[in-house]
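Student: I have a model open and some terms to sort out. Could we test each one against its definition?

Tutor: Gladly; here it is.

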Amino acid sequence: MEVTKSLLSKLYNDYNTKYFENKLGKCQFSLFSKNTTYLGWYCAKNYKNGNPNDRIWIGTGVYWSPEILERVLVHEMVHMYVYRIEGCKHDG
């Protein structure tokens with residue numbers, strides 16, 4: 001399965017409804033190069049005006065089945081939920 005930013009955006013919206021009651025805000029998506037071993041990564045930043053700037057990175061050097069991609073994307077969305085909704089501002 002080929003992973004694209006548009007696919008990730010669609011899945012994000014679907015999972016946000018299914019698992020998070022649409023509580024997660026906007027999120028940007030980036031793709032890791034094929035040379036990395038990361039499956040996924042969540043990055044939380046804020047713009048200078050204080051608005052959130054969330055990004056989820058997904059690896060491209062992986063054979064993605066729909067089930068595994070769902071698990072990894074939801075895992076990263078849990079990081080976003082814990083950071084943005086629960087206010088736990090630490091790594092891990």
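Tutor: Start with the word helix: a DSSP run of H or I, at least four residues long, numbered from the N terminus. Keep in mind that this model is predicted.

Student: What makes the place of Lys 10 part of a helix?

Tutor: Lys 10 sits in H1, which covers residues 5–20.

Student: Why is Lys 10 called partly exposed?

Tutor: Its relative accessible area is 48%. Buried means under 20% and exposed means over 50%. Lys 10 falls in between, so it is partly exposed.

Student: What makes the link between the side chains of Lys 10 and Asp 14 a polar contact?

Tutor: The distance is 2.6 Å. The cut-off is within 3.5 Å, for N or O atoms that can donate and accept a hydrogen. The pair therefore counts as a polar contact.

Student: Which residues of H1 are buried?

Tutor: Among them are Leu 7, Leu 8, Leu 11, Tyr 12 and Tyr 15. Asn 16 and Phe 20 are on the list too. Each is called buried because its relative accessible area is under 20%.

Student: What do the buried residues of H1 pack against?

Tutor: Strand E1 (28–31), E3 and helix H2 (66–84).

Student: What follows H1?

Tutor: Glu 21, with a positive phi near 50°. The C-alpha atoms of Lys 10 and Glu 21 are 16 Å apart.

Student: Why are E2 and E3 said to pair?

Tutor: Strand E2 (residues 40–46) and strand E3 (residues 52–58) share 7 bridges, in the antiparallel sense. Pairing needs at least two bridges, so they pair. Lys 45 stands opposite Asn 53 in E3.

Student: How many residues lie between E2 and E3 in the hairpin?

Tutor: 5 residues. In that turn, Gly 50 has a positive phi of about 95°.

Student: How do you know that the radius of gyration agrees with a compact globule?

Tutor: For 92 residues, the rule gives a value near 12 Å. The protein has 13 Å, which agrees.

Student: What is the pattern along the sequence?

Tutor: The order reads α-β-β-β-α, with 2 helices and 3 strands.

Note on methods:
Residues numbered from 1 in each chain as written. Predicted model: local features only at pLDDT ≥ 70, side-chain atom pairs only at ≥ 80, totals over all residues. Heavy atoms only, no water. Buried < 20%, exposed > 50% of the residue type's maximum accessible area, 1.4 Å probe, protein only. Contact = heavy atoms within 4.5 Å. Rg over C-alpha atoms; globule rule 2.2 N^0.38 Å.
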